[in-house]
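Here is a walk through one protein chain, taken a piece at a time.

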Amino acid sequence: MGIQWYPGHMHKAQKEVREIFNQVDVFIEVLDARIPFSSENPLIAQIRKDKPTIKILNKTDLADPEKTVAWQDYLEREKSVKTLAFNAQQTDKREQIISLIKKMAPEKADSVKTIHALIIGIPNVGKSTLINSITGRTIAKTGNEPAVTKNQQRIKLEEKITLIDTPGMLWPNIENENSGYRLAITGGIKETAFELPDIASYAAEYLLEAYPDALKSRFDLDELPLSDIDFLETIGRKRGCLRSGGMVDLDKISRILIMEYRDNKLGPITLETPQMMETELKEVERIRRQKEEKKKAREAEKAARRSKRKRNR
């Protein structure tokens, strides 16, 4: 797919994480509970390997509670991983997080040594909110624009724990097209990566199938249109998003749908399941193999042409 959005400070962050890897006792990876798979940077998995990892499913107040539980069960199949559901309103999670960090690094928790916990994740996933919750004060800036934190910072806690905060790391190239769309819907990547009606059509197609009642309720519809475009046009007319000549302004209604989703006005909704993830990963692998085969065929063709030129000299 090749969505390219990789500012220089993200490259720097990845390099810095690799450099301090040996100092890190516990990885704390912050994920968006609405898209736990799409908000997981595959480069982080390569960096952390089998080091103890706490996966924080943030923004659970915006996610489908049943699907959050399903994701936690799925993620904890990995031996070195524990999960915790979290959202910005939960100020009582501090002790639970501290306790979990100590549990994941028992050899240091039982000594006088400091536990180094690296907080990592993609932009706009809520790392700063989590840090402020753990420390009980505003240390990290929060914001809705991706990539607020620019430099690595260390925060010492009384419990002999040092938190290391890093800038949001988005991977250079999003191979899975579905993940790209979901990141755009939730605000994980800038909308400029896609056309707005394209993002809204993708969202509408999924919501019509997975959350029809939420759409009926929010947009006061007795029956739902069958296609995503029909749905956008129907709600565009209902909301008065019309151009001259009575045409629906797709840009306007697309923005309304996406913003109402983000503001939780459709109710708590999760955009992916572990089963969807596994299917999509197989498709990505198939496309990858196809590209590799084409590349090899091109290289073999070039080699054959070179060989022929040499023989003809």
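## Where two helices meet

Start with helix 8 and helix 11: Leu196, Pro197, Ile199, Ala200, Ala203 and Ala204 in helix 8 are in contact with Leu250, Asp251, Ser254, Arg255, Leu257 and Ile258 in helix 11. Contact here means heavy atoms within 4.5 Å. Sorted by class, this meeting place has nine nonpolar, one polar and two charged residues. For the classes, Ala, Val, Leu, Ile, Met, Phe, Trp, Tyr, Cys and Pro count as nonpolar, Asp, Glu, Lys and Arg as charged, and the others, Gly among them, as polar.

Two packed helices are described by the angle between their axes and the distance between the axes. The axes of helix 8 (residues 196–210) and helix 11 (residues 250–262) come within 8 Å and cross at roughly 50 degrees. An axis is a line fitted to C-alpha atoms, for helices over the stretch in contact, and angles run from 0 to 180 degrees between N-to-C directions. Helix 8 and helix 11 are therefore oblique to each other. On that scale, under 35 degrees is roughly parallel, over 145 is roughly antiparallel, 65 to 115 is roughly perpendicular, and the rest is oblique. The crossing of helix 8 past helix 11 is left-handed, meaning the near helix is turned anticlockwise from the far one by less than a right angle, while clockwise would be right-handed.

## What you are looking at

This is a predicted model, where local features need pLDDT of at least 70 and side-chain atom pairs count only at pLDDT 80 or more, while totals for chains, interfaces and linings use all residues. Residues are numbered from 1 along each chain as its sequence is written, and side-chain values use heavy atoms, with hydrogens and water left out.

The chain has 12 helices and eight strands. These are DSSP runs numbered from the N terminus: H or I with at least four residues for helices, E with at least two for strands. Of the 313 residues in the chain, 51% are buried. Buried means under 20% relative accessible area, exposed means over 50%, and partly exposed is in between (1.4 Å probe, protein chains only). Among contacts in the chain with a separation of 6 or more, 68% join residues 24 or more positions apart.

Which order do the six strands of the open sheet take? They run 4-3-2-5-7-6, with mixed pairing. At the edges sit strand 4 (81–85) and strand 6 (153–157), each pairing on one side only. From one strand to the next, the twist averages 25 degrees. Strands of a sheet pair through backbone hydrogen bonds, either parallel or antiparallel; here, two strands count as paired if DSSP finds at least two bridges between them.

Now look at strand 5 (residues 115–121), where seven of seven residues are buried. Strand 5 pairs in the parallel sense with strand 2 (residues 26–32) over five bridges, and Val26 stands opposite Ala117. Strand 5 also pairs in the parallel sense with strand 7 (residues 161–165), again over five bridges, with Ile115 opposite Ile161. In a regular strand the side chains alternate between the two faces of the sheet. In strand 5, Ile115, Ala117, Ile119 and Gly121 point one way, and His116, Leu118 and Ile120 the other.

Strand 3 (residues 53–58) pairs with strand 2 in the parallel sense over six bridges, and Leu31 has Leu57 as its bridge partner in strand 3. Thr53, Lys55 and Leu57 point one way from strand 3, Ile54, Ile56 and Asn58 point the other way, and all are buried.

## Another pair of helices

Next, find helix 3 (residues 65–75) and helix 12 (residues 274–312), whose axes come within 10 Å and cross at roughly 55 degrees. That makes helix 3 oblique to helix 12. Ala70, Trp71 and Tyr74 in helix 3 meet Pro274, Met277 and Glu278 in helix 12. By class, that contact has five nonpolar, no polar and one charged residues.

Is Glu260 buried or exposed? Glu260, in helix 11, is buried, with a relative accessible area of 9%. Leaving out residues up to four places away in sequence, Glu260 touches Arg218, Phe219, Arg239, Lys265 and Leu266.

Ile229 is in helix 10 (residues 228–238) and is partly exposed, with a relative accessible area of 35%. Ile229 and Ala200 are 29 residues apart in sequence, and their C-alpha atoms are 9.1 Å apart in space.
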